[in-house]
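The exercises below concern the structure shown here. Each task is followed by a solution that goes step by step.

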Amino acid sequence: MLGVIGGSGLYELEGIKVLREVYPETPFGMPSSPVVLGEVEGKRVAFLARHGRDHSYPPHLVPYRANLWALREVGVKRVFAISAVGGINKLFQAGDFVIVDNFLDFTKRRDSTYYEGKFSVEVEGDDEVARLLREKKVVHIDVTEPYCPQIRTLLMKILEDGRIRHHPAGTYACTEGPRFETSAEISMLEKLGADVVGMTGYPEVVLARELTMCYASLCVVANPAAGISQHRLTSDEVIELMSEKEKVLKGVVRELIVRLSEERTCGCENILEGAEV
Ligand code: HPA
């Protein structure tokens, strides 16, 4: 099943037949919102609001581990995440969509792994993830290609078919937030090769991967990043742009649910092979 994580401005999915809602307490705490289980044209989907339905979780306090674990518990094997970002690359304008293909991590105080060796949380289950946690293993996963190529390729097709302005690749820099960046930080990130900047893409991507899920992220450029923009940044600007794009985004989500083939051809599910010490 596909799990959709909605970011700023996307707190629910319409046009989806809601079957039920669960709000599981996970070994990593409560997720930031209940998980809505639904169906579109016979395909099942789960939806979770990253910041909570009332946007009460700031980026640095989102319970990323609980969120991914809650999705795992309802049977999600692939995650599609939507995020607002600031544009760093001069070619990336406000309103553009970006199918990111790599990341740079500048976060500071987030739990970014499930595998904590002798400090690992005990969980139930009999799959590889549960075994590694139960046996308190140290695990190093490969993130050479952090985002699922199968979902990214389909996203490119969907955006092309819909004639939606987008960039098929881009490097996402994740900052700690909740403040926006300084112009010097953006200048540094630009020199390091970042195309967009956000506060929530990490550790979500690696946690999903640690659970052998596929993960792809569609970013929406909500504003030119600090210093590139000629004016002071505001949350209002971000929320306004995201609400302008809400209808298009929901259409993309729907297409993805319907068109994603059941078969996983990407290799994401084998990421734990050879990863344990
Ligand atoms: N910086 C960090 N996160 C963001 C931005 C930004 O400029 N815009 C939307 N999310």
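**Exercise 1: Charges**

Task: State how many positive and negative side chains the protein has, and how far apart the centres of the two sets lie.

Solution: Lys and Arg count as positive and Asp and Glu as negative, while His and the chain ends are not counted. The place of a charge is taken as NZ of Lys, CZ of Arg, CG of Asp or CD of Glu. On this basis there are 33 positive and 41 negative side chains, and the centres of the two sets lie 1 Å apart.

The model is predicted: local features need pLDDT of at least 70, side-chain atom pairs count only at pLDDT 80 or more, and totals for chains, interfaces and linings use all residues. Residues are numbered from 1 along each chain as its sequence is written, and side-chain values use heavy atoms, with hydrogens and water left out.

**Exercise 2: Overall form**

Task: Compare the radius of gyration of the protein with that of a compact globule of 277 residues.

Solution: The radius is taken over C-alpha atoms, and the globule rule is 2.2 Å times the number of residues to the power 0.38. For 277 residues the rule gives a value near 19 Å; the protein has 18 Å, which agrees. Along the principal axes, the C-alpha atoms fill a box of roughly 55 × 40 × 35 Å. The secondary structure comprises six helices and 11 strands (DSSP runs numbered from the N terminus: helices are H or I, at least four residues; strands are E, at least two).

**Exercise 3: The nonpolar core**

Task: Identify which residues of the largest nonpolar core touch the most other members.

Solution: Such a core is a set of buried Ala, Val, Leu, Ile, Met, Phe, Trp, Tyr and Cys residues joined through side-chain atoms within 4.5 Å. Buried means under 20% relative accessible area, exposed over 50%, and partly exposed in between (1.4 Å probe, protein chains only). The largest core has 49 residues, of which Val35, Leu68, Leu71 and Tyr172 touch the most other members. Helix α1 gives the most to this core, with six residues. Leaving aside residues up to four places away in sequence, Leu71 touches Ile5, Val35, Ala46, Leu48, Val76, Val79 and Met213, where contact means heavy atoms within 4.5 Å.

**Exercise 4: Gln93**

Task: Decide whether Gln93 is buried, partly exposed or exposed.

Solution: Gln93 is found in the loop between β5 and β6 (97-99). Gln93 counts as partly exposed because its relative accessibility is 45%. Beyond residues up to four places away in sequence, Gln93 touches Arg165 and Val221. The C-alpha atoms of Gln93 and Pro224 are separated by 7.0 Å, although these residues are 131 residues apart along the chain.
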